[in-house]
Amino acid sequence: MSLEDAFADGPAFIPYLAAGDPDYESSLKYVEALERGGADIIELGLPFSEPIAEGPTIQNAVVRSLEGGMTPTRFFEFVEDLDVSVPLVCMTYYNLIYRYGEESGPRPFVEKAAEVGIEGFVVPDLPAEEAGPLREACDEFGLDLVFIVAPTTRGERLDRMMEQVSGYVYVQARLGTTGAQSSVSDQTGSSLERLADYDVPKAVGFGISSGDHAERIVASGADGIIVGSALVDIVADGHENGDDAETVADRLETLARELKEGAVAGASQRPPHPERT
Amino acid sequence: MSADGKFGDYGGQYVPEALMPAIEELTDAYERYVLDNEDGFMDDFRARLRDFGGRPTPLQRADRLSERYDREVYLKREDLLHGGAHKLNNALGQVLLAKYMGKERIIAETGAGQHGTATAMACAHLDMPCEIYMGERDINRQRPNVFRMKLNGSEVNPVTVGRGTLKEAISETMRDWATNVEDTHYVIGSVVGPHPFPSMVRDFQSVISEEARTQAREKLGRLPDAVVACAGGGSNTMGAFAEFVDDEETALYAVEAGGSTLEVDEEAGVAPNSASLTTGSEGILHGARTRLLQDRDGQIMESHSVSSGLDYAGVGPELAYLVDTGRVTAVNVDDDEALTAFHRLSQMEGIIPALESAHAFGYLESVAGPDAPDSAEADALGEYVVVNVSGRGDKDLESAIEETYERDIDIAPNMDEFTGGL
């Protein structure tokens, strides 16, 4: 199934976890629990040592995963070992994509990703200006390249990005780094309005932590929601308290279900034809 | 340099989308105010460098080193700039630019504390609120600079992630910028980061080579045969080289920190040096494509140097490019050689250099000193050498004494007399 197809039957719920957090075997169970909880697409983080777009929650997940021995090679094995059927998106920083394999540039990484069944990429430190070589490799192997639209993205920049995006756009709900918030940013509505005329699914992320948030975001026009830090918090707590992997997986599944149900409830409140400005 | 900030394949703008509009705004301001001197910005900047900073700094003949190395050795005395290092050239330029742009808040990272100190001074001088991110480990090894920043009214935010040094401080400052991008300017401390930073910081620092070039002609009636400068991120290096790049007769030497060894421990992810020009490979870090210390997967390694100001896993993209094209020669000096040079300059010239700057003198000794073999390298330095003294060593006294004590540097004074007082 392609990424865009995952939005066909109502709002898409897109959870994120760092692969290998806190260890390889537990992490496989955690990712599989997300699918049981209703995930439509799963974003899998391949940890990079300098995650400049992440808040403390995901920075710590990156540290745990790297200490657990995660590498790009292990990541591809991880994807092959995963027993999930929903599409997978790899979220990582450009240096790991650029450095992989014998030849310089993104092509070997994309080729390998396609081989293990990854459907697309989100690369937080790769703006549209520098994305040409990765876009080309994605086209060659039939993968999607998701771009992040920030609250500060406007005008020409937005057009340039929309020419290159495929799969969905990641609408960054507020300025700053990733991290769960107690309330939803009101920057989301205006971001969605700016994107209304572009024919690509819009998934909102940054700060969503509850079913209630998910409902409001989808009601305000989002086609999907992306949730990372709130789920990673569960992994971190479980790790700190020494809880067994099944218990942690159950908690992840429960929160995933709440988020998915929230999104579905939000969709029923949407006007059939959202106002366009 | 091309319009999109590329130096060959190096450079570029690899940053989160949220920062891109601010970077476009900064690029526009750089072109208007710095390159085109709009509203007399550059005149204002130069006047402040003179009156507040104390420029021009002297080009001084080092009499005893000239004798030792049997050639004319001249020192570009950036250690005499206000604050005790070349860092003010850039910090003052960027804070002033932020002011012209209408920004209301300044943030900066610092490793050794020299850039943080210079930024704090510039912010007090120009009445801008300022927050400095500094690794917790660096806060402990550079306490006098932490006090100076606070005395100038800046806040110092400790960074506890990772090893707590410059690399983590830069990442954390970028996160702050991504959060507060609308009213905040990030004063990056070296010729690193996304375009336009590498070019802009070079332009603010190029006053060093502009003066040195004129002064060299006045003193000896010709250009030097070589300019030698230490290189971490590369801001004093590019500052000392920029105006000489087109003078093919002047050789340019960038002296990196060889640390304890050039060998790399891939397993532990540690490079016990900061020699990214010598031992690094191409990759993308902190907004630019450049040469980096990284493992085979592309994870950034922990670097090391006795000098915390050189302790960084990357290097400015333009400097990497100039090394690739052969215009700049990258060499390196290890911790022991740098410490020895620190003591030699202190004893022979009455100048206690920053440990960073001591690396440049370590190179001179290694190719032209009494124990150096006759070599093509010594000949290549030529008859007339300018060494950039990028900063003074006051900030390093504690760590220099401690490191000397541990290493048994033979020309050093008896360290037992010092350690009792620490």
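Biologist: Where does A:Gly105 sit in chain A?

Modeller: In the loop between α4 and α5 (107–116) of chain A. Bear in mind that this is a predicted model.

Biologist: OK. Is A:Gly105 buried, exposed or partly exposed, and why?

Modeller: A:Gly105 has 16 other C-beta atoms within 10 Å, so it counts as partly exposed. Buried would need 20 or more, and exposed would be 12 or fewer.

Biologist: Which residues does A:Gly105 touch, leaving aside neighbours within four places in sequence?

Modeller: A:Tyr98 and A:Pro133. Also, A:Gly132 is 27 residues from A:Gly105 in sequence, with 11 Å between their C-alpha atoms.

Biologist: Switching to the interface. How many residues does each chain put into the contact?

Modeller: Chain A gives 29 and chain B gives 24.

Biologist: And which element gives the most on the chain A side?

Modeller: α4(A), with five residues. Both α4 (94–99) and β5 (144–149) of chain A supply at least two each. By type, the chain A side that touches chain B has 14 nonpolar, nine polar and six charged residues.

Biologist: Now chain B. How do α2 and α4 pack there?

Modeller: Helix α2 (residues 41–51) and helix α4 (residues 87–100) of chain B meet at about 140°, axes 10 Å apart. That angle makes α2(B) oblique to α4(B), and their crossing is right-handed.

Biologist: Which residues make that contact?

Modeller: From α2(B), they include B:Phe41, B:Phe45 and B:Leu49; from α4(B), B:Leu92, B:Leu96 and B:Tyr100 are among them. The contact's residues split into six nonpolar, two polar and two charged.

Methods:
Residues numbered from 1 in each chain as written. Chains lettered and ligands numbered in written order. Predicted model: local features only at pLDDT ≥ 70, side-chain atom pairs only at ≥ 80, totals over all residues. Axes fitted to C-alpha atoms, helices over the stretch in contact; angles between N-to-C directions. Helix = DSSP H or I, 4+ residues; strand = E, 2+ residues; numbered from the N terminus. Parallel < 35°, antiparallel > 145°, perpendicular 65-115°, else oblique. Left-handed = near helix turned anticlockwise from the far one by under 90°. Contact = placed C-beta atoms within 7 Å. Nonpolar A, V, L, I, M, F, W, Y, C, P; charged D, E, K, R; others polar.
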